[in-house]
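Student: Can we go through this structure together? I'd like to start with the helices.

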Amino acid sequence: MSLVFDVSANPQAVSAADREQILANPGFGTNFTDHMAKAVWTSDGGWGDAAIVPYGPIQLDPAAAVLHYAQEIFEGLKAYRHADGSIWLFRPDQNAQRLQRSAARLALPALSLEDFIGSITALVEVDQDWVPSGGETSLYLRPFMFASEAFLGVRPSKEVTYLLIASPAGAYFSGGVKPVSIWITDTYSRAGRGGTGAAKCGGNYASSLLAQTEAASRGCDQVLFADSVEGKWLEELGGMNVYLVTNAGELITPELNGNILEGVTRDSILQLAADAGLTPVERKVSIEELLRGVGDGAIREVFACGTAAVVTPIGSFKDLAGEYTVGAGEVGEVTAAIRQQLLDIQYGRAEDRYGWMQRIV
């Protein structure tokens, strides 16, 4: 039986005037809507206690398992307001399925597809006035679950809390799409064989922060990780998948190997590749092949992709041996076209020929 999210209205909701001021310049991840969705799982009773409650601090016992053993996962997706005022999700079933895969890897309970989308629908219906309109604005949705049982012991938690919060988001590139610079680390690895690389859990991101700091110290915007075994195979950035555009008409991305997060945007671009006249290819790509191809022009564009920025052009790479400019160091034609195709589908400006969009309000 599906969960029913009963609504408890927030008596201290943000005023309409203050909300409009926030929506005029929402930024990213700094402002939150009036409510959040909540449900609790126990080993004896399964999922229950579903509700839409006022957004606010949560109370945790100091012995809550998540604080000691990092048993938690999360997702990220967006709600888009179309020109007619309706609100839509982009491939939410894929996020629901990835949350289930992450849960299995972290020994957490699975949340059904119906309850995942049900929680989003219930929250967005209540807080629909928080969904901005115009440009590349959206309502960013962050579903997550964590071990909330109070105990000290290394075993799966017998109590798990699921929460969904929402944050109005402005355009990722407020001044226009700009290429980023990438540091190729040979010091740190993002994930190892048999690890949690394919799960969307906080530990993966925590372990990338020192490498990101290293990248910043080298004058770069982001960091690229190689595999942890040989240190030669391209895997992904700290929070985004990577694509290469070749002169041979191929759109290449590293094959999934258990270390790489199965990005929803990554999968969508593979399907869009043919529409752009490209041949999608998933295979192992060495750092040597990447830099050689960038150097001799065989690789004419490189970009990263993810939910927040959709598609981010990469203008250059840097390692201890030097710096390598991709093409002219500007936004590539293919990169721009794929990014625009995705945005047009998400915002209802183009035909949804893949059935990716789901209307919720």
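Tutor: Start with alanine 107, which follows H3 and has a positive phi, near 55°. Helices (H or I, at least four residues) and strands (E, at least two) are DSSP runs, numbered from the N terminus. This is a predicted model, where local features need pLDDT of at least 70, side-chain atom pairs count only at pLDDT 80 or more, and totals for chains, interfaces and linings use all residues. Residues are numbered from 1 along each chain as its sequence is written, and side-chain values use heavy atoms, with hydrogens and water left out.

Student: How many residues does H3 have, and how far does it reach?

Tutor: H3 covers residues 92–105, so to speak 14 residues. From its first C-alpha to its last it reaches 20 Å, close to the 20 Å expected at 1.5 Å a residue. The expected span is 1.5 Å times one less than the number of residues.

Student: Which residues of H3 are buried?

Tutor: Pro92, Asn95, Ala96, Arg98, Leu99, Ser102 and Ala103. They lie on the same side of H3, because they cover an arc of only 165° around the axis. Buried means under 20% relative accessible area, exposed over 50%, partly exposed in between (1.4 Å probe, protein chains only). The arc is that of the directions from the helix axis to the C-beta atoms.

Student: Why would buried residues line up like that?

Tutor: An α-helix has 3.6 residues a turn, so residues three or four places apart point the same way.

Student: What about H8? Which residues are buried there?

Tutor: In H8 (residues 287–296), Ile287, Leu290, Leu291, Gly293 and Val294 are buried. Their arc is only 160° around the axis, which puts them on the same side of H8. Glu288, Gly295 and Asp296 are exposed on the other side. Just after H8, glycine 297 has a positive phi of about 90°.

Student: New topic. Which residues have the most contacts inside the largest nonpolar core?

Tutor: Trp47, Phe116, Ile120, Leu141, Met145 and Tyr162, in a core of 38 residues. H4 gives the largest share, six residues. A nonpolar core is a set of buried Ala, Val, Leu, Ile, Met, Phe, Trp, Tyr and Cys residues joined through side-chain atoms within 4.5 Å.

Student: And aspartate 44, buried or exposed?

Tutor: Aspartate 44 is exposed, with a relative accessible area of 80%. Its place is in the loop between S2 and S3. The C-alpha atoms of aspartate 44 and lysine 158 are separated by 8.2 Å, though these residues are 114 residues apart along the chain.
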